[in-house]
Amino acid sequence: MTDTETETPAESDAAARRDRTGSESSASSATEPVDVDELPGGMEAALESILMVAEAPVEVERLAAAVGRPTAEVADALERLAGEYRGETGPRPRGFELRRGAQGWRVYSSREHAEVVSRFVLEGQSSRLSQAALETLAVVAYRQPVTRGQVSAVRGVNVDGVVRTLLARGLVAEVGQDPLSGAVLFGTTAEFLDRMGWSSLDELPPLAPHLPGVEAVGDLTD
């Protein structure tokens, strides 16, 4: 059309329909499920891509929904990847590993390389837990559910400030109330398990070498 020409009502309606069709087509293509088998590396590479950007452990059901595959199939693929990273099927062990924790699957740096990673990440930083916090966390882990008074009895010092630190880090949480004293009971969290690379408290090392005498506080209350 020239500058002096104007659209007829019929031409305007046709243009509007074309715009709507184009918008609907773009929206549809954006939400269409992706066939992960057509992507480089297939489903396993797709799972790796998701896990690399995950900021927290991801449940297998959520991963299955993301790649459009049955949960059992995705669970098998995750086990294969974990074995490959350990060097069971690949050319060599990797410097990272895929682990299943209490909250799901996540990629972590290899435990065997913990010393070199710690040197890189933690040197000169003050974000590490203090010795007092580590000792308090250990008492809670082995004795839970436990009150502040019981933890103090084991450590021989007031632990109020340390417990607040552990609460802020998400490593311990209030889990109930002592029926006799009314004192708050504390226990470790799923975040604690994931940080340790465990799926349950059954994986705690034997108690005696680390906290001698902790059982003796069983009758103590706040």
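This is a predicted model: local features need pLDDT of at least 70, side-chain atom pairs count only at pLDDT 80 or more; totals for chains, interfaces and linings use all residues.
Local features are taken only where pLDDT is at least 70 and side-chain atom pairs only at pLDDT 80 or more, while totals for chains, interfaces and linings use all residues. Numbering runs from 1 along each chain as its sequence is written, and side-chain values rest on heavy atoms, with hydrogens and water left out.

Salt bridges come up first. Side chains of opposite charge can pair when their charged atoms come close. With a salt bridge taken as a side-chain nitrogen of Lys or Arg within 4 Å of a carboxyl oxygen of Asp or Glu, the structure holds 12 of them. One of these joins Asp37 to Arg69, with 2.6 Å between the closest N and O atoms. Asp37 sits in the loop between helix H1 (9–31) and helix H2 (42–53), and Arg69 in the loop between helix H3 (60–67) and helix H4 (71–85), so this pair ties together parts that are 32 residues apart in sequence. (Helices, H or I of at least four residues, and strands, E of at least two, are DSSP runs numbered from the N terminus.) Asp37 and Arg69 also belong to a network of salt bridges that links them with Asp35 and Glu73.

On accessibility, buried stands for under 20% relative accessible area, exposed for over 50%, and partly exposed for anything in between (1.4 Å probe, protein chains only). Asp37 comes out as exposed, at 52%. Another salt bridge pairs Glu88 with Arg86, the closest N and O atoms being 2.9 Å apart. Here Glu88 is exposed at 55%, whereas Arg86 is partly exposed at 44%.

Glu191 is partly exposed at 26%, and Arg195 is exposed at 59%.

Turning to the backbone, the peptide bond from Gln144 to Pro145 is cis, with omega near -5°. Pro145 is in the loop between helix H6 (131–143) and helix H7 (148–155).

As for strands, which count as paired if DSSP finds at least two bridges between them, E3 (residues 172–177) and E4 run antiparallel over five bridges. Val172 has Thr188 in E4 as its bridge partner. Together E3 and E4 make a hairpin with six residues between them, and Gly182 in the turn has a positive phi of about 80°. Four of the five residues of E4 (residues 184–188) are buried, so this strand is largely enclosed by the rest of the structure.
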